[in-house]
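Please examine the sequence and the structure shown below.

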Amino acid sequence: MERTEVDAVVVGAGFGGLYMLHKLRGLGLIVRVFEAGHDVGGTWYWNRYPGARCDVESMEYSFSFDEDLEQEWSWTERYATQPEILSYARHVADRFDLRRDISFSTRVTSATFGEANGTWLVTTDKGEEVRAQYCVMATGCLSTVNRPDIPGLDGFAGPVYQTGLWPHEGVDFTGKAVCVIGTGSSAIQSIPVIARQAAQLTVFQRTANYVAPARNQPMSEAYEEHFKANYKDLRRKQLQGYFGALPSGEPRMVPSMSVGDDEREAAYEEGWERGGLGLLGSFPDLLFDRDGNETLAEFVRGKIRATVKNPATAELLCPDDHPVGSKRMCIDTGYFETFNRDNVTLVGLKAEPIERISSEGVVTAKQAYPCDALVLATGFDAMTGTLAKIAITGRGGRTLKDEWADGPVAYLGLMVAGFPNLFLVTGPGSPSVLSNMLVSIEQHVDWIAGCIEALRERGAGVIEADPAAQEDWLEHGAAVAAPTVYPDGKSWYTGANIAGKPRTFMAYIGGVPGYRKICDAVTAGDYAGFAIDGAEAAPLPDFMAVLRTPQPAEAAA
């Protein structure tokens, strides 16, 4: 068996892995990256389903670490498509000569910490063993697909496609009867495209979702020039946004229920016409005030009823069992309009559950729906799914799978107690999926690289999360989440889409600016809450106090 030694192993060559490699190289480290796909891109390599695109504006969903990179790359649309984002990832890999340290088509099967030498032994499905002082899991939050456990699925006679594992050569549905199971983000993007091809499309919906129009359009030259001329200032403002994104329009900085019905409706109309996720920012309290949230919910339901001609279908499409934002809000191009087509049928699974898949199609409690092809738009085992597939063993033979049996815990979403020198990029307990992922990825990679540099400067061997600090962080995360609407929704945020997965809200809800302030306070406190070479961890800051500390004027400018 081939065995090599490096300074660091990085698992995953999506945006997190690419930037991590670049940063660690800059410190003079020898790095190996392992990637299961045949190329870079992470989620944008695998998710090639029809209509796939980002729900963060292109000019913001990009790296900020290199000014030349910012200036030289041009996006063609307000919301970039999957092929364009993948091209951007490839450009980054080529521009910084990253491919030479990446092993493609290679899955990491295990990572074991050696207590005697303080290093990680990483093994792959190609029979290679690599020993490294540092191991960084950049495996992505949405990288393991959820294949539903439906009786008879394997016996379906036609092709079965999963949106998160779409064939690279594409699929032509022309003249075919197609069944789509699921109405989350990938379905909302792909259904309008499939409907234009298929002879008949039947959509099976378990939970209706709140959807806002994308208002996608070609990138205007003036808009691009404005961004590139002001990138430094705009990036700074991005970091002040709760989700790590620029505000959409001019949000009203008053409580949603403190204004009259007409003014509130006007605010929602402005957000609806602008398009995008900014609708949630129409008022600052929509994720906290349930009465205010319900006014936005009813506004969206009104738009659905006004768009979908069949009243029964419209009501099926109207969400009524969770607040806006408690499940990930989606943006669309023509989704609701698609249900006005004669060749599209919507089936509500609450009244008509799927009993099985036959060789000919989908069989519900009421009838059979024959089809030539089946599309599973059933989402991901989010945040932890890929890590659970790797046998990760820390101190005393403790496995990460066992440590997370009751739900994932990670101090700051960066490290897990008992797993020294094992870092997570946008792990559970960080803003991650509740943010512009590129913003969170850059911050985590910068923090990890800074931590490793500090360790090397002081001649330290290992750093690990203190169990008490990890517990305090878990309690703080729960306290921050409690006043919000997020815990009210049964979503992949909580693992509710995966049978048997512990129910816990996996992301940090305190917002990007607050989280960054806490990380800065931890670093300034000599990595408070982390034990270095077995020494007692420095005392923790008061997380809530840090969270409420006003941002310095120069940072908010």
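In what order do the strands of the open sheet of five strands stand, and is their pairing parallel or antiparallel? The order is β7-β16-β8-β9-β12, and the pairing is parallel. Helices (H or I, at least four residues) and strands (E, at least two) are DSSP runs, numbered from the N terminus, and two strands pair if DSSP finds at least two bridges between them. β7 (160–162) and β12 (344–348) are the edge strands; each has a single partner strand, so one side of each is left without a neighbour in the sheet. On average, neighbouring strands of this sheet are turned by 20° against each other, direction ignored; the axes are lines fitted to C-alpha atoms, for helices over the stretch in contact, and angles run from 0 to 180 degrees between N-to-C directions. Within the sheet, strand β8 (residues 177–181) runs parallel to strand β9 (residues 200–205), and five bridges join them. V178 has L201 in β9 as its bridge partner.

The model is predicted: local features need pLDDT of at least 70 and side-chain atom pairs count only at pLDDT 80 or more, while totals for chains, interfaces and linings use all residues. Residues are numbered from 1 along each chain as its sequence is written, and side-chain values use heavy atoms, with hydrogens and water left out. The protein chain has a mean pLDDT (the predictor's confidence in each residue, from 0 to 100) of 93, and 97% of its residues reach 70 or more. Over residues 553–557, pLDDT stays under 50, and the model has seven contacts (heavy atoms within 4.5 Å) beyond four places in sequence for them.

A further open sheet consists of three strands in the order β13-β14-β15, with antiparallel pairing. Its edges are formed by β13 (354–357) and β15 (368–370), each of which pairs on one side only. Strand β14 (residues 361–364) pairs with β15 in the antiparallel sense over three bridges. Opposite G361 stands P370 in β15.

D97 is not a glycine, yet has a positive phi of about 50°. D97 belongs to the loop between α4 (82–95) and β3 (102–103), and is partly exposed, with a relative accessible area of 40%. In these terms, buried means under 20% relative accessible area, exposed over 50%, and partly exposed in between (1.4 Å probe, protein chains only). R215, also a residue other than glycine, has a positive phi near 55°. R215 is found in the loop between β10 (211–213) and α6 (221–229), and is partly exposed at a relative accessible area of 33%.
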